[in-house]
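This briefing covers selected features of the structure shown below.

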Amino acid sequence: MRYYSKEHEWVEVDGDTATVGITQYAADQLGDIVFVELPSTGAALKVGGDAAVVESVKAASDVYAPLSGKVVSANDELAGDPALLNADPEGKGWMFTMTLDDTKELSALMSADAYEAYTATL
Amino acid sequence: MSDLHLLPLDTLHHRLGARMVPFAGYSMPVQYEGVMAEHLHTRASAGLFDVSHMGQLVLEGDGAAAWLESLAPGDFKALAPGRMRYSLLLSDDGGTLDDLMVTNTGSHFYLVVNGATKFDDLRHMEARLPEGLTLTHCQDLALLALQGPKAAEVMQSLNIRPEHPDIVDVTAMKFMTVGPYLWGDVRLGVSRSGYTGEDGYEISLAATDAEAFAEALLADERVKPIGLGARDSLRLEAGLPLYGNDLTSDITPVEAGLAFAISKRRREEGGFPGAARILAQLRDGAARQRVGIRPEGRQPVREGAGIFAGGRQVGTVTSGGFGPSVGGPIAMGYVESAVAAVGSALELEVRGRRLPAVVVPLPFHQKSHHR
């Protein structure tokens, strides 16, 4: 099941782990991405806290943790090919996987339809 | 957004799909198809920039050159008709109030100042303007820049012709020369100049003619519209300072590495604002200098990042980002002169970590101008 945050992250939940990335909308807004800083494996993330940094030609943007939990793995391919985040942000451009501390946090996230409606208002 | 000024080409920018952002009090195009593509297109072909937010001023009257010399350190008395110079508006303590282009048109001086500082510049100048000189802010003019290796071919194919026979064809103009030209019956003030490190032109024309002229340029497949994002990455690669970042009222021309803008006669005679301090820095060296910096690795370093050497802060990054033509991160900043030599090892602080970097020569990317 895929969820979306107001901060333009997507979360693919599979049991008690999740894969996290930024949405196509976010990638388009950021423009050409030239560097990605991913969290270390084992790092404890708190919902709303800093999780990663995405740098475009022009600016650095924080990626916030959409949920609380521990980082299980990060997408090392992004280090060598940060443009993957522009080309396929909701697929091959996934950023990291994490465990979920509390599945109740999912209730603050949006469905695909709700997220699409949300971005239409921006 | 409603209190933002609109550029003469505002409707064209929207039609071209620009993302508009507030800048210098104007709603301005930051990008069209993307900063990287626009940057690389300008270096490979030709890019059209709308820089109508910049201030275009006309200074007329007897003694205009002498008065300009009381504000800025250029040799304007020796500036020949049809020539332009890069100069600096200085405060009494030698700080830089703005950087500007000064042109002698033959009948008057024409100045181009930064958009974000133009009203401050006008106040500064009007407060010092003597009887007999008039300073006019030409708010009914637009300013476009066509930059890139194919700019001259594009200008030629538009059949732009000299307004009088003693002026060379646009393609034969030398770098930093200026003249009156005609496109049909539309009058253009054309200079061979720009701020991208590429060959190119800057074109001043009536705001009411700007859209038709811009559309004629854009109808040429060699030309694409370029936003502020690529304008910034192009000038950074070219090692050119951005006022407000790399140049401020706290920074002297010597510290900024812009001593070339202090003409020989002015060095000998002084008589410009802050001359005592600036001439002493020219003689003894300044305590800090603007340098080019290459961060190692891929991570961009932005303005405001601390610069360290031997564990001690020695300066601050004033512009930084990713250079699309360089293919990696680039930055400029001010460092203590002891660590300003090319090859000096530095560390840049980003999000609590120190990244290795090295002082490199400016510009990061070099193209030859039409001389």
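L100(B) sits in strand β7 of chain B, which spans residues 96-104. The model is predicted. In it, L100(B) counts as buried because 24 other C-beta atoms lie within 10 Å, where 20 or more are required.

**Surroundings of L100(B)**

- Setting aside residues up to four places away in sequence, L100(B) touches S87(B), L89(B), L111(B), V112(B) and V113(B).
- The C-alpha atoms of L100(B) and S157(B) are 30 Å apart in space, and 57 residues separate the two in sequence.

**Nonpolar cores**

- The largest nonpolar core comprises 104 residues, of which M95(A), L111(B), L144(B) and L146(B) touch the most other members.
- Strand β10 of chain B, residues 141-147, gives the most to this core, contributing six residues.
- Another core lies apart from it and has 22 residues, among them V301(B), V317(B), Y334(B) and F364(B).
- When neighbours within four places in sequence are left aside, M95(A) is in contact with V20(A), G21(A), L38(A), A52(A), V63(A), A74(A), N75(A) and L78(A).
- L111(B), one of the residues that touch the most other members of the largest core, is also among the residues that L100(B) touches.

**Contact between the chains**

- Eight residues of chain A are in contact with 13 residues of chain B.
- On the side of chain A that touches chain B, four residues are nonpolar, one is polar and three are charged.

**Positive phi angles**

- M176(B) is not a glycine, yet has a positive phi of about 70°.
- The loop between β11 (161-162) and β12 (178-183) of chain B holds M176(B).
- R351(B) is found in the loop of chain B between β20 (345-350) and β21.
- R351(B) is exposed, since 12 other C-beta atoms lie within 10 Å and the class takes in counts of 12 or fewer.

**Cis peptide bond**

- The peptide bond that runs from L362(B) to P363(B) is cis, and its omega is near 0°.
- P363(B) belongs to the segment of chain B after β21 (353-360).

Conventions: Residues are numbered from 1 along each chain as its sequence is written. Chains are lettered from A and ligands numbered from 1 in the order in which they are written. This is a predicted model: local features need pLDDT of at least 70, side-chain atom pairs count only at pLDDT 80 or more; totals for chains, interfaces and linings use all residues. Two residues are in contact if their C-beta atoms, placed from the backbone, lie within 7 Å. Ala, Val, Leu, Ile, Met, Phe, Trp, Tyr, Cys and Pro count as nonpolar, Asp, Glu, Lys and Arg as charged, and the others, Gly among them, as polar. Helices (H or I, at least four residues) and strands (E, at least two) are DSSP runs, numbered from the N terminus. A nonpolar core is a set of buried Ala, Val, Leu, Ile, Met, Phe, Trp, Tyr and Cys residues joined through C-beta atoms within 7 Å.
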